[in-house]
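Welcome, and please take a moment to look over the structure shown here. The paragraphs below will walk you through some parts of it, one stop at a time.

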Amino acid sequence: MWIVSSISHLIRLFKLDVLIFFQNLDLPRIDRIIRCSLHSQGLPVAAIEPVPENCVSTVEERTKEDREKWWKMGLKAIYEGKLGVVLLSGGQGTRLGSSDPKGCYNIGLPSGKSLFQIQAERILCVQRLASQAMSEASPTRPVTIQWYIMTSPFTHEPTQKFFESHKYFGLEPDQVTFFQQGTLPCISKDGKFIMETPFSLSKAPDGNGGVYTALKSSRLLEDMASRGIKYVDCYGVDNVLVRVADPTFLGYFIDKSAASAAKVVRKAYPQEKVGVFVRRGKGGPLTVVEYTELDQSMASATNQQTGRLQYCWSNVCLHMFTLDFLNQVANGLEKDSVYHLAEKKIPSINGDIVGLKLEQFIFDCFPYAPSTALFEVLREEEFAPVKNANGSNYDTPESARLLVLRLHTRWVIAAGGFLTHSVPLYATGVEVSPLCSYAGENLEAICRGRTFHAPCEISL
């Protein structure tokens with residue numbers, strides 16, 4: 001096994017041609033990250049507490065007036081160009097049986113649309129809604145939301161080609177920016193580099209939390225500031241129900257004057273294997289812990305006043321940040337240089353070995369936030385993840401497809417439409433194009449009194 005013991009040894013060991021290769025690596029930074037990450041293992045951490053009730057906007061406490069106010073505030077900010085959107089799209093569809101970027105995946109909806117197309121059309125819809133909402137107060141003008149798409153070395157080129165071949169799904173090419181997350185060398189358990197070939201290190205992407213460093217190093221935080229962007233919506237590609245650039249969530253975020261916010265769903269049951277928001281230490285910041293950090297008694301503990309689990313707010317990677325906070329996070333994470341160590345099979349010069357990948361997670365930002373607001377949403381309306389191949393027990397294309405069809409069927413019926421179907425309704429439904437409706441609004445003119453045969457797509 002050829003594993004190099006230290007950077008200094010590495011430099012002494014190789015000749016000039018290999019040194020030219022290593023000149024492309026920031027060796028002092030990598031050394032600092034490895035040392036800080038290994039040193040952090042086993043250090044004591046503050047005890048966790050439940051999230052205070054006043055940090056969460058729950059579905060039942062929200063009034064119609066609140067929702068309308070936040071919707072209008074969000075549309076106004078979007079109209080003024082204050083919102084940018086960041087998509088985390090570094091993963092391939094490997095677990096789905098595809099080597100393509102996961103966003104290219106078609107989950108089997110009647111329209112045959114990919115995840116990328118569905119999300120692009122939601123942006124188009126919000127742009128139109130913002131323009132229409134503000135037309136009474138000022139002359140109508142086009143509204144543009146900048147979309148920043150983070151790829152990985154494995155997905156960057158195919159993602160760009162996919163967008164180009166589909167003419168950016170109706171968006172303007174200059175409103176879509178692709179940028180790559182970083183990679184870091186894989187290491188052995190004692191902190192040594194692992195060589196994949198005699199002349200190259202084994203490397204891996206630095207996790208979805210690499211978005212903060214990538215935005216800074218690509219100078220995209222500066223780009224956002226130059227465009228007048230003040231708020232950033234950030235989400236993962238594999239949620240087919242994601243409400244991209246959600247005006248209500250944005251309005252809530254602005255109203256609360258928080259540095260960061262997250263949409264959350266309630267845990268389905270105490271032992272559900274999801275990360276949850278907690279408060280770290282007495283009066284400390286909100287953060288996310290994995291389910292493994294909650295013992296059975298903590299996971300099952302109930303709030304006697306609300307009847308909810310004490311630790312019930314699941315993280316579903318739907319976040320909102322101020323641009324100022326993103327700059328603070330990028331600097332803070334780089335300064336602290338602490339990464340999670342994931343034990344994985346690593347390709348090496350002598351075949352696969354067990355080693356460590358260095359990763360940051362998107363939720364690593366929250367301990368840096370002076371304030372975080374949580375916004376409860378319903379799973380059946382906003383969370384349909386696509387992670388595992390059909391035939392698995394959960395989070396499959398089929399389960400996500402059914403969640404979309406059932407939600408959109410409820411929209412159509414509420415708008416006065418009717419359905420016929422030749423298979424049981426629980427197994428089918430209708431799909432409403434994002435170009436028709438963002439969240440069930442404005443469907444009466446299309447649906448009232450009409451009958452649709454499921455499955456089908458309702459489009460303009």
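**A walk through the model**

Helices (H or I, at least four residues) and strands (E, at least two) are DSSP runs, numbered from the N terminus. Before going further, note that this is a predicted model, in which local features need pLDDT of at least 70 and side-chain atom pairs count only at pLDDT 80 or more, while totals for chains, interfaces and linings use all residues. Residues are numbered from 1 along each chain as its sequence is written, and side-chain values use heavy atoms, with hydrogens and water left out.

Is Ile 78 buried or exposed? Its relative accessibility is 2%, so Ile 78 counts as buried; buried means under 20% relative accessible area, exposed over 50%, and partly exposed in between (1.4 Å probe, protein chains only). Setting aside neighbours within four places in sequence, Ile 78 is in contact with residues including Leu 83, Val 126, Ala 130 and Pro 247, where contact means heavy atoms within 4.5 Å.

Now look at how helix H4 (residues 64–79) meets helix H5 (residues 115–134): their axes come within 9 Å and cross at roughly 100°. Axes here are lines fitted to C-alpha atoms, for helices over the stretch in contact, and angles run from 0 to 180 degrees between N-to-C directions. On the H4 side, Trp 71, Leu 75, Lys 76, Ile 78 and Tyr 79 make the contact, and H5 brings Val 126, Leu 129, Ala 130, Ser 131, Ala 133 and Met 134.

H5 itself has 20 residues and reaches 29 Å from its first C-alpha to its last, close to the 28 Å expected at 1.5 Å a residue. The expected span is 1.5 Å times one less than the number of residues. Because 17 of its 20 residues are buried, H5 is largely enclosed by the rest of the structure.

Next comes helix H11 (residues 323–336), whose 14 residues should span 20 Å; its end C-alpha atoms are 20 Å apart, which agrees. Which residues of H11 are buried? They are Leu 323, Phe 325, Leu 326, Val 329, Ala 330, Gly 332 and Leu 333. Among the elements that cover these buried residues are helix H7 (211–217), helix H8 (220–226) and strand S15 (313–322). After H11 comes Ser 337, with a positive phi near 55°.

Glu 272 sits in the loop between S12 and strand S13 (276–280). With 10% relative accessibility, Glu 272 counts as buried. Beyond its neighbours within four places in sequence, Glu 272 is in contact with Lys 267, Tyr 291 and Arg 379.

Our next stop is His 453, in strand S21 (residues 451–454). His 453 is partly exposed, at a relative accessible area of 44%. His 453 and Ile 30 lie 423 residues apart in sequence and 58 Å apart in space, C-alpha to C-alpha.

Finally, the cysteines. The structure holds zero disulfides, a disulfide being a pair of cysteine sulfur atoms within 2.5 Å. For Cys 447, the closest cysteine sulfur is that of Cys 436, 8.0 Å away, which is too far for a bond. Cys 447 is buried, with a relative accessible area of 0%.
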